[in-house]
Amino acid sequence: MVDHESPLRRLLAAFALRLGVLAALRGAAGGIAIAALWTARSYISTSVELESSLTATSVSLAVGAAVGAVVGWWLSANRRARVAQEIERRVPTANNLLVTAHELLMSPAGALAPSSEVRSLVLHRADQLAATLHARSLLPARRSLLWLAGSIALWGGSVALNRRVATDAAPPSPRALIAAVTGRVDIQRVAVRITPPQYAQQSVTSLRDPVRIDALEGSVVRFTIEASADTVVAVTRQGTRALARDSSGRFVLSMSATTDGFIALEPRAASGRTGPRRLVGITVRTDEAPRVRIVAPARDLIVPDAKRTLDVRVEADDDLAVGSLRLRYTKVSGSGERFTFSEGEVPVGIARASATQWTARAALALESLLEEPGDVVVYRAVATDTRPGSPVVESDAFIAELAAPGGVAALGFSLDPDEDRYALSQQMVILKTERLIAQRATMSAAALT
């Protein structure tokens with residue numbers, strides 16, 4: 001009998017494994033080649049976003065290689081099942097010895113051999129032959145590795161080509177070659193690259209020959225023009241500007257997206273000839289201020305005593321991202337024209353459903369705020385977005401008042417909207433005006449107004 005560590009068994013196992021691994025490598029090479037074609041799709045498309053993100057291209061490489069490897073391994077199952085025949089093809093001198101020995105190993109003792117002596121003799125000679133053979137030399141990996149390296153090089157080339165198109169370094173178009181031969185003054189290609197402001201955390205967008213572009217306010221818009229002309233004149237709402245060729249032979253214009261408008265590009269030759277204009281509309285999206293609201297308790301309250309806590313719930317949302325969410329209060333004590341004010345914040349627990357939608361809960365303890373009958377707490381939620389220098393946005397303010405003797409004393413009753421609170425309103429106006437005057441030096445004229 002031959003044990004599990006016999007040279008024949010080791011050779012058969014090693015060869016079968018190597019068959020599968022090399023088939024997986026070839027499958028991975030095919031998958032990567034398909035990923036390369038997918039990555040290069042933007043080069044042959046028009047009027048679409050050109051540049052695949054690094055993440056997307058890396059994912060395409062990984063997925064293509066993994067799927068291809070699995071398919072390759074699966075397709076090699078039949079060859080691995082006929083491992084002895086595969087070895088015999090490469091060792092003609094075996095004269096079917098390995099196939100016979102493999103059949104003996106896979107069959108019950110005595111089923112194929114006329115006697116145990118013959119069976120032992122065949123397996124012994126097969127072991128002797130197997131000891132001189134190596135799976136690595138019988139099945140070289142060089143060709144599979146070359147296929148894999150070639151597919152990776154193809155994928156890398158497609159990524160480089162794709163990025164070259166996206167960075168406006170595309171090869172000359174047929175229109176450019178025709179214009180060069182005929183002497184026609186013309187714009188062949190306009191590539192646009194839109195880089196949003198950093199705080200927005202949005203990806204760069206690249207377009208080819210757009211009729212209209214859409215950009216967030218503060219984005220940098222870069223036009224790269226390929227034209228058969230000595231100069232290109234750019235006309236915008238800000239004025240007219242002549243563009244000169246850069247080191248790549250193209251005309252480049254960078255501008256900041258501030259207001260809606262347009263850009264007209266006109267190619268001109270040194271002789272004075274002009275070509276047809278290209279007109280591109282520009283739509284600038286303003287970063288909207290966040291919206292914040294108190295959803296509970298969303299009403300003014302009179303409380304009979306201060307030994308209670310209000311469960312305040314707040315919602316905030318923004319078009320790009322909410323930056324902060326807080327709950328502020330103003331404590332008002334006194335009467336007539338002798339009011340005192342103190343402000344503070346209440347800790348909030350924030351739950352982020354997404355970057356654009358936040359909710360918060362806060363426990364507003366009234367005992368330390370409402371000390372005397374008639375004391376009032378005015379609370380409101382405040383939020384900002386992630387734009388640097390963005391103003392604070394406040395929700396509607398609500399009031400909790402400690403009931404005076406003989407007054408309404410029931411939690412949940414709304415205050416009388418006709419109650420005279422002019423003194424409170426005047427003091428608040430004075431307080432806010434004084435603060436505004438103190439901040440005047442650090443504010444723009446528009447913000448002050």
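The points below go from the whole chain to sheets, cores and single residues.

1. **Ground rules.** This is a predicted model, in which local features need pLDDT of at least 70 and side-chain atom pairs count only at pLDDT 80 or more, while totals for chains, interfaces and linings use all residues. Residues are numbered from 1 along each chain as its sequence is written, and side-chain values use heavy atoms, with hydrogens and water left out.

2. **The chain as a whole.** The secondary structure comes to 12 helices and 19 strands; these are DSSP runs (helices H or I, at least four residues; strands E, at least two), numbered from the N terminus. Of the 449 residues in the chain, 41% are buried, where buried means under 20% relative accessible area, exposed over 50%, and partly exposed in between (1.4 Å probe, protein chains only). The chain exposes about 24,700 Å², with carbon and sulfur atoms supplying 57% of it; accessible areas come from the Shrake-Rupley method with a 1.4 Å probe, and for residues only the protein chains shown count as cover. Among contacts (heavy atoms within 4.5 Å) with a separation of 6 or more, 67% come from residues 24 or more positions apart.

3. **Two nonpolar cores.** A nonpolar core here is a set of buried Ala, Val, Leu, Ile, Met, Phe, Trp, Tyr and Cys residues joined through side-chain atoms within 4.5 Å. The largest has 29 residues, and Leu 364 and Tyr 379 touch the most other members. Strands that each supply at least two residues of this core include β10 (291–296), β12 (309–317), β13 (322–335), β16 (357–365) and β17 (376–385). Apart from it lies another core, of 28 residues, among them Ala 16, Val 83, Leu 123 and Leu 138.

4. **The four-stranded sheet.** Two strands pair if DSSP finds at least two bridges between them. By that rule, β10-β12-β16-β15 is the order of an open sheet with antiparallel pairing. Its edge strands are β10 and β15 (348–354), each pairing on one side only. The twist averages 20 degrees from one strand to the next, with axes taken as lines fitted to C-alpha atoms (for helices over the stretch in contact) and angles running from 0 to 180 degrees between N-to-C directions. Inside this sheet, β12 and β16 run antiparallel and are joined by nine bridges; Val 312 stands opposite Ala 362 in β16.

5. **The five-stranded sheet.** A second open sheet to look at has the order β3-β9-β8-β5-β6, and its pairing is mixed. β3 pairs with β9 (residues 278–285) in the parallel sense over five bridges, and Ala 215 stands opposite Val 284 in β9.

6. **β4 and its neighbours.** Which strands pair with β4? β1 is joined to β4 by nine bridges and runs antiparallel to it, and β7 (residues 251–256) pairs with β4 in the antiparallel sense over six bridges. Seven of the nine residues of β4 are buried.

7. Ser 228 is found in β4 (residues 220–228) and counts as buried because its relative accessibility is 19%. Its side chain makes a polar contact of 3.1 Å with that of Gln 188 (a polar contact is a pair of N or O atoms within 3.5 Å; within protein, one must be able to donate a hydrogen and the other to accept it, and residues adjacent in sequence count only if both atoms are side-chain atoms). Arg 189 lies in β1 (residues 186–195) and is buried too, at 16%. Its C-alpha atom is separated by 5.1 Å from that of Glu 226, 37 residues apart along the chain.

8. Most residues other than glycine have a negative phi, and most peptide bonds are trans. Gln 201 has phi near 55 degrees; it sits in the loop between β1 and β2 (205–208) and is exposed, at 73% relative accessibility. Asp 209 has a positive phi of about 50 degrees, lies in the loop between β2 and β3, and is partly exposed at 26%. A cis peptide bond joins Ala 296 and Pro 297, with omega about -15 degrees; Pro 297 is in the loop between β10 and β11.
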